[in-house]
Protein chains: 2
Amino acid sequence: MTVVQTAVAARRAGRALQALTTDQRVAALHRMAQALVDNAEHILAENALDVADAQALVESGELAQASADRLPLTEAKLGTLAAGIRSIADADEPLGRVIHTTELADGLVLRKETAALGVLLIIFESRPDALPQIASLALRSGNGLVLKGGKEARRSNTVLHAVLTQALAPDVSADVIGLVHSRSDIAELLELDDVIDLVIPRGSNALVRHIQANTRIPVLGHADGICHVYVDESADTAMALRIVLDSKLDYPAACNAMETLLIHRAVWASLGESLVGALESAGVTVFVGPEAAGVRTDLPRASSLAFEYGDLRVAVELVDSVEAAIEHIHTYGSGHTEAIVTNNTQTALQFQNTVDSACVFINASTRFADGYRFGLGAEVGISTSRIHARGPVGVEGLLTTRFKLTGTGDTVAPFSAGERAFTHRKLV
Amino acid sequence: MTVVQTAVAARRAGRALQALTTDQRVAALHRMAQALVDNAEHILAENALDVADAQALVESGELAQASADRLPLTEAKLGTLAAGIRSIADADEPLGRVIHTTELADGLVLRKETAALGVLLIIFESRPDALPQIASLALRSGNGLVLKGGKEARRSNTVLHAVLTQALAPDVSADVIGLVHSRSDIAELLELDDVIDLVIPRGSNALVRHIQANTRIPVLGHADGICHVYVDESADTAMALRIVLDSKLDYPAACNAMETLLIHRAVWASLGESLVGALESAGVTVFVGPEAAGVRTDLPRASSLAFEYGDLRVAVELVDSVEAAIEHIHTYGSGHTEAIVTNNTQTALQFQNTVDSACVFINASTRFADGYRFGLGAEVGISTSRIHARGPVGVEGLLTTRFKLTGTGDTVAPFSAGERAFTHRKLV
C-alpha cells in the first residue's frame with residue numbers, strides 16, 4: 001500500500017470499528033493484550049537486534065545514549081503493557097456517551113454524543129512501548145491510526161505492529177493500524193488534511209515544532225514545557241524544599257519538570273537561600289533573573305526567563321507578590337504546568353484560579369502532570385494548546401461529538417410561521 | 001492602538017474578566033443588553049447611513065443585493081438582540097464547571113474544570129446583528145475578542161461596538177472587545193498565533209477557505225455545507241415530500257440546506273418521481289447523478305456530486321441500499337448535516353450511528369442544524385471540523401479545560417519508590 005492508501009484504509013477500517021459493538025471492540029483489545037504475552041519471545045528477539053544496532057550507533061556517535069536507553073523491552077515490560085491494554089479495554093465505553101439530551105419541540109429530540117475523531121497520525125521516537133499504548137487508546141476510542149516510529153526501533157515496531165494487528169481478526173480489520181517508517185512518508189501524510197484529523201507528535205521539542213510548521217492538520221502536543229514553582233511568602237519551609245527538589249530532580253528531562261523557581265522577596269533570606277543551596281547541593285546549576293541577581297551577584301545570569309533547560313539547570317527569580325508571580329508566568333511560561341507552595345488558602349486559590357496554564361497545582365510537585373498519575377489510564381501526550389484537549393490527553397482527547405436528532409417528519413417551516421414553538425427542554 | 005496591541009489588550013482584559021465573579025460578568029451582560037435598547041435611536045441612525053450607502057453600491061454593481069439585504073437594523077431587531085443577550089446572561093455559569101474530580105491519592109485531589117479559551121478572532125460579513133451576539137457569547141465564556149466586520153457595515157459596527165463596550169464599565173475593561181476594520185488588519189491578526197487562540201470566520205465559503213489557508217491559528221467553521229437527504233425504501237410519502245421540500249426550500253442559501261437528494265432505487269417509481277416533480281414545481285432545477293441519469297435521461301447531469309449549489313438547484317441520485325447511501329455521503333459529503341427519511345427503525349439507527357457527520361437526523365429537515373434551534377442560545381458558527389467543536393457552536397465551543405490539583409506538599413518520589421500508591425478514586 002502507498003502511504004495515502006494506508007491512511008485511507010485506516011479511515012475505512014476505523015469507521016467499521018465504530019460500527020462494532022462494545023463487546024467486539026473490548027474483545028479485540030483483550031486479544032491484543034494476550035498477543036503481546038504470547039509472542040514475547042519473538043518480540044524480544046527482534047528488539048534485541050534493534051538494541052544491538054543502536055549500541056553500535058551510540059559508539060560511532062550517530063545516536064544519543066538517551067535514545068538508545070529508551071529502546072530495550074523486557075518480558076516484564078510486555079506484561080505491564082498487556083495489563084495497561086486490559087485496563088483500557090475494561091474502562092467505560094467512551095463512544096456514544098450522551099453529553100446532553102434536549103427536547104427541541106414536541107416529538108423532536110436532540111442528543112449530543114461522543115464520537116471517534118477519525119484518523120490519528122502519531123509520530124513517536126525510539127521508545128517502542130509507545131506503540132501498543134497508542135494503538136490501544138486509538139482502538140478503544142474507535143479511531144483509525146497511522147503510526148510512524150523511530151528508525152532505531154524499526155524491527156521492534158514492525159513486530160509489535162504485526163503481532164497486534166494479527167490479534168484484531170476477525171472483527172477488526174488490520175488496516176485500522178497502519179505503520180510507516182520513513183521521513184518521506186511523514187511528509188506525504190502531513191499533506192493529507194482531508195484524511196487525517198489529528199497529528200500527535202511524541203518526542204523532542206524540535207520534532208513537535210517541525211510537525212507544527214509543516215502541516216495544516218491540527219497538531220496536539222507541546223513544543224515547550226517551561227514549568228514554574230512559585231514559593232509564596234507563607235510557604236512551609238519543609239514543603240517548599242520537598243516540592244522544589246522533586247519538581248526539578250525527579251526527572252529533569254521531562255516536560256513537566258520545573259525550569260523556573262519564583263520566590264517571594266519577603267522569604268528570600270529565610271527560605272530562598274536554602275532552596276538555592278539545596279538545589280546546588282543536588283548538583284543543579286542555578287541561574288538568576290534580574291531581580292534575583294540583586295541578592296545573589298555571585299550567580300550567573302539567566303540568558304532568558306523563557307527557557308526549557310531540560311537538565312540540571314534552573315532559573316531563579318524574585319517576585320514581590322502572587323500577582324507578580326502570575327504575571328511572570330503569563331509572560332514567560334508555556335502554559336504547561338505551574339505550582340504554588342503556600343499555607344495561605346486565599347493566595348493558593350487566587351493562583352489556581354488565575355494562572356492560565358493546562359495544569360495549576362497547589363502544594364504539589366509539577367511532576368504530577370501526567371496521564372497515568374492523573375488516572376487517565378495512559379496518555380497519548382500532553383497538550384499545551386487551548387483547543388480541543390489541554391493537559392495530559394487520554395481517551396477523552398481522541399473523541400469528538402455528534403448531534404443526533406430524531407423527529408417524526410419535522411420541518412422548520414411551521415416554526416418560522418409561528419405554528420409550532422421550540423420547547424428546548426433539557427432531558428438529561 | 002495597533003492591531004497587535006488590540007489583540008494583546010484583549011487577552012489581558014479577558015484574563016481580568018475571568019477573574020471576576022459570576023455576578024459581575026452577568027451584570028455586565030445585562031448592561032450591554034440595556035445599552036442596545038437605550039441607544040436604539042443613535043444605532044439606527046448610523047445603520048441607516050450604511051444602508052443608504054449600500055443601496056448606492058448595489059445600484060452601481062459594487063455590492064450584492066443579498067449583502068445589502070442583511071444590513072438593516074430595526075428597533076424590533078435590537079429588542080430581540082437585547083433579549084438574546086439577557087438569556088445568555090441568565091444561563092448557567094459556563095466557567096469553572098467541574099467536569100470530573102479524582103482523588104489521585106490520599107489528600108491529593110484533581111479537578112478538571114472548564115476555562116475560557118483566551119482570545120477569539122471573529123470575522124463576519126455584512127450582518128451587524130452578529131456583533132452583539134458574538135460579543136455576548138465571548139463575554140459569557142470569559143474570552144477576549146477581536147472583531148472584524150464587513151466594510152459595508154462599518155458605521156453600524158462602530159456604533160454597536162462603542163455602545164456595548166461603554167456598557168462594560170466599571171467591572172470589565174472595554175479592551176476585552178477589540179474592533180478592526182481593514183483587510184490588512186486581518187492579515188496582521190492571522191499572524192498572531194501566540195496571542196489569538198481561535199479564529200471563527202462567519203461568511204462565504206470563499207472567506208472561510210481564505211482564512212484557513214492563511215493562518216496557523218486553529219479555525220472553527222465550515223467551508224462547505226453539502227447536506228444530503230436520503231429517502232429510504234420504507235419512507236412515508238407525505239413525510240418524504242415535506243422533509244425534502246423544507247430541506248431545500250426553507251432557505252436555499254443556508255449551509256444546512258439540502259444539496260443532494262439520495263433515493264432508494266426501489267421507490268424511484270412510487271416516490272422518487274413525485275419528489276423530483278415537487279421540487280421542479282417549486283422552481284428547483286434538478287440535476288442527476290450517473291445512476292439517476294439511467295431513469296431520467298431528460299434531466300441535465302450533475303457535473304459533480306460534491307457540490308454546494310446554495311440556490312434553487314439540487315442533485316438527485318439513486319442508491320441501492322442504506323449502506324450505499326452512507327457510502328455516497330462519506331465519499332461526496334462535507335460532514336455537515338445529513339437526514340434519513342424512513343419508517344424502518346433499524347435502518348434509521350444504522351444511518352444515524354454510522355454516518356460520520358456533525359449532525360445526523362432521522363425524519364427531520366436538515367434545516368434544524370442551527371444553534372438557536374438546537375437550544376444553544378445563539379451560535380458563533382457551525383463547525384465541520386472534528387477537532388474541538390463540531391456542529392452548531394455556542395458558549396460550550398468557546399471553552400477549554402484546566403486541571404487543578406490540590407495537595408498537601410505531595411511529591412512523586414514516594415510513588416516511584418513504592419512508599420505511596422495512587423488510588424485514582426473518582427469523586428464526581
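Into which domains is chain A divided? Chain A consists of domain 1 (3–220 + 380–402) and domain 2 (227–368), with bounds that come from an automatic or database domain assignment. The structure is a predicted model, in which local features need pLDDT of at least 70, side-chain atom pairs count only at pLDDT 80 or more, and totals for chains, interfaces and linings use all residues. Residues are numbered from 1 along each chain as its sequence is written, and chains are lettered from A and ligands numbered from 1 in the order in which they are written.

The C-alpha centres of domain 1 and domain 2 of chain A are 35 Å apart. Domain 1 of chain A gives 5 residues to the contact and domain 2 of chain A gives 6, where contact requires C-beta atoms, placed from the backbone, to lie within 7 Å. On the side of domain 1 of chain A that touches domain 2 of chain A there are 1 nonpolar, 3 polar and 1 charged residues. In this classification Ala, Val, Leu, Ile, Met, Phe, Trp, Tyr, Cys and Pro are nonpolar, Asp, Glu, Lys and Arg are charged, and the others, Gly among them, are polar.

Chain B can be superposed on chain A with an RMSD of 0.1 Å by a turn of 180 degrees and a shift of 0.0 Å along the axis. This is the relation of a two-fold axis. The superposition is by least squares on the C-alpha atoms of residues with pLDDT of at least 70 in both copies. Within chain B, His388(B) comes closest to the rotation axis, at 1.8 Å (C-alpha).

Between the chains, 53 residues of chain B are in contact with 55 residues of chain A. On the chain B side, β15(B) provides the largest share, 11 residues. The residues of that side divide into 23 nonpolar, 17 polar and 13 charged.

An open sheet of 10 strands has the order β9(A)-β10(A)-β8(A)-β7(A)-β11(A)-β12(A)-β15(B)-β2(B)-β1(B)-β16(B), with mixed pairing. Strands (E, at least two residues) and helices (H or I, at least four) are DSSP runs, numbered from the N terminus, and two strands pair if DSSP finds at least two bridges between them. Strands of a sheet pair through backbone hydrogen bonds, either parallel or antiparallel.

In chain A, β11 (residues 337–341) and β12 (residues 359–364) pair in the parallel sense over 4 bridges, and Ala339(A) has Phe361(A) in β12(A) as its bridge partner. Across the two chains, β15 (residues 399–410) of chain A pairs with β12(B) in the parallel sense over 5 bridges; here the bridge partner of Phe403(A) is Cys359(B).

The pairing of β1 (residues 98–105) and β2 (residues 108–116) of chain A is antiparallel, over 6 bridges, and Val98(A) stands opposite Glu113(A). Their hairpin has 2 residues between the strands, and Gly107(A) takes a positive phi near 80 degrees. β1(A) also pairs in the antiparallel sense with β16 (residues 425–426) of chain A, over 2 bridges, with Glu103(A) opposite Arg425(A).

Technical notes: Contact = placed C-beta atoms within 7 Å.
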